[in-house]
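Please look over the structure below. A short report on its helices, contacts and rings follows.

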Amino acid sequence: MTTGELDRTPARGSTEQGNIIVKATVVGTALFVVTAVFAAAVFTTAAQWVGAVTAMALFMVGVFAFLWGFWNALQRSREEEVSVTQLFLLLGAGTPARVRRIMLAMLALQAVTAFGTAIWRLDGPDGSPGSSLAVGLLVPMFGLGMNGLWAAYHADFGPRLDAAGAPMLEMSANSRQDDGTSTASMKQNEDHG
């Protein structure tokens, strides 16, 4: 049996699993927008608590997703060229245009909502400077983390290259002999006799 046959969970790295990450990003962003705008419009203590707790929860999920994605991208970087812009901003040919468009739109919506609601209510209900809506400024970490998580499992990265521009996998396979001595070191020794 393969992964997911009994419980119908999608296989790791599958398109279906990638779609779950995209959908989770959309749902999390929608939840943030609704609670932040509601908190800014109503501006009661209860509404501010709901907005702040939602923002902090999404921030924590984002930090976890960021670290998880980064760790898995590091593992892939041993054999593939992984760049930070490809990983967290989904730039490059390795990310489908539909996924890039949705994920970056959600990241932009998170940033606009966070700044918009924080600026809308610069002062607290009692007139003191600062408001709990400023916690929303942490939410774009959710978008960055989810981008990184998606890219770490689903983006296509090119093979890792050496300094001369040759793929490292081919170089390492061609430069080894049966006894494990590299061809380059043998040629160097031939010059010396």
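## Overall pattern

Along the sequence, the protein chain reads α-α-α-α-α-α-α. It has 7 helices and 0 strands. Helices (H or I, at least four residues) and strands (E, at least two) are DSSP runs, numbered from the N terminus. The model is predicted: local features need pLDDT of at least 70, side-chain atom pairs count only at pLDDT 80 or more, and totals for chains, interfaces and linings use all residues. Residues are numbered from 1 along each chain as its sequence is written, and side-chain values use heavy atoms, with hydrogens and water left out.

Of the 193 residues of the protein chain, 32% count as buried. Buried means under 20% relative accessible area, exposed means over 50%, and partly exposed lies in between (1.4 Å probe, protein chains only). A contact means heavy atoms within 4.5 Å. Among contacts in the protein chain with a separation of 6 or more, 70% come from residues 24 or more positions apart.

## Helices α1 and α2

Helix α1 covers residues 15–42. Its axis and that of α2 come within 8 Å and cross at roughly 150°. That makes α1 roughly antiparallel to α2. Axes are lines fitted to C-alpha atoms, for helices over the stretch in contact, and angles run from 0 to 180 degrees between N-to-C directions. Angles under 35 degrees count as roughly parallel, over 145 as roughly antiparallel, 65 to 115 as roughly perpendicular and the rest as oblique.

The crossing of α1 and α2 is left-handed. A crossing is left-handed if the near helix is turned anticlockwise from the far one by less than a right angle, and right-handed if clockwise. On the α1 side, the residues in contact include Gly28, Leu31, Phe32 and Phe38. On the α2 side they include Val50, Gly51, Thr54 and Leu58. By class, the contact of α1 with α2 has 9 nonpolar, 5 polar and no charged residues. Here Ala, Val, Leu, Ile, Met, Phe, Trp, Tyr, Cys and Pro count as nonpolar, Asp, Glu, Lys and Arg as charged, and the others, Gly among them, as polar.

## Helices α2 and α5

Helix α2 spans residues 45–76 and helix α5 spans residues 140–154. They pack at an angle of about 30°, with their axes 7 Å apart. That makes α2 roughly parallel to α5. The crossing of α2 past α5 is left-handed.

Leu58, Phe59, Phe66, Trp68 and Arg76 are among the α2 residues that meet α5. Their partners in α5 include Met141, Phe142, Leu149 and Tyr153. By class, the contact of α2 with α5 has 15 nonpolar, 6 polar and 1 charged residues.

## Aromatic pairs

How many aromatic pairs are there? The count comes to 3. Rings of Phe, Tyr and Trp (its six-membered ring) pair if their centres lie within 6.5 Å; planes under 30 degrees apart count as stacked, over 60 as edge-to-face and the rest as tilted. The rings of Phe66 and Phe88 have centres 4.4 Å apart and planes at 10°, so this pair is stacked. Phe66 lies in α2 and Phe88 in helix α3 (residues 84–88), so the pair ties together parts that are 22 residues apart in sequence. Phe66 is partly exposed at 23% relative accessibility. Phe88 is buried at 7%.

Trp68 and Tyr153 form an edge-to-face pair, 6.1 Å centre to centre with 80° between the planes. Trp68 is in α2 and Tyr153 in α5, so this pair ties together parts that are 85 residues apart in sequence. Trp68 is partly exposed at 38% relative accessibility. Tyr153 is buried at 18%. Ring pairs link Phe64, Trp68 and Tyr153 into a cluster.

## Three single residues

Is Gln110 buried or exposed? At 0% relative accessibility, Gln110 counts as buried. Gln110 lies in helix α4. Leaving aside neighbours within four places in sequence, its contacts include Thr25, Phe32, Val139 and Phe142.

Pro96 sits in the loop between α3 and α4 (97–120). Pro96 is partly exposed at 42% relative accessibility. Its C-alpha atom is 8.2 Å from that of Ala155, 59 residues away along the chain. Val84 is in helix α3 and is exposed at 58%. Val84 and Ala73 are 11 residues apart in sequence and 9.5 Å apart, C-alpha to C-alpha.
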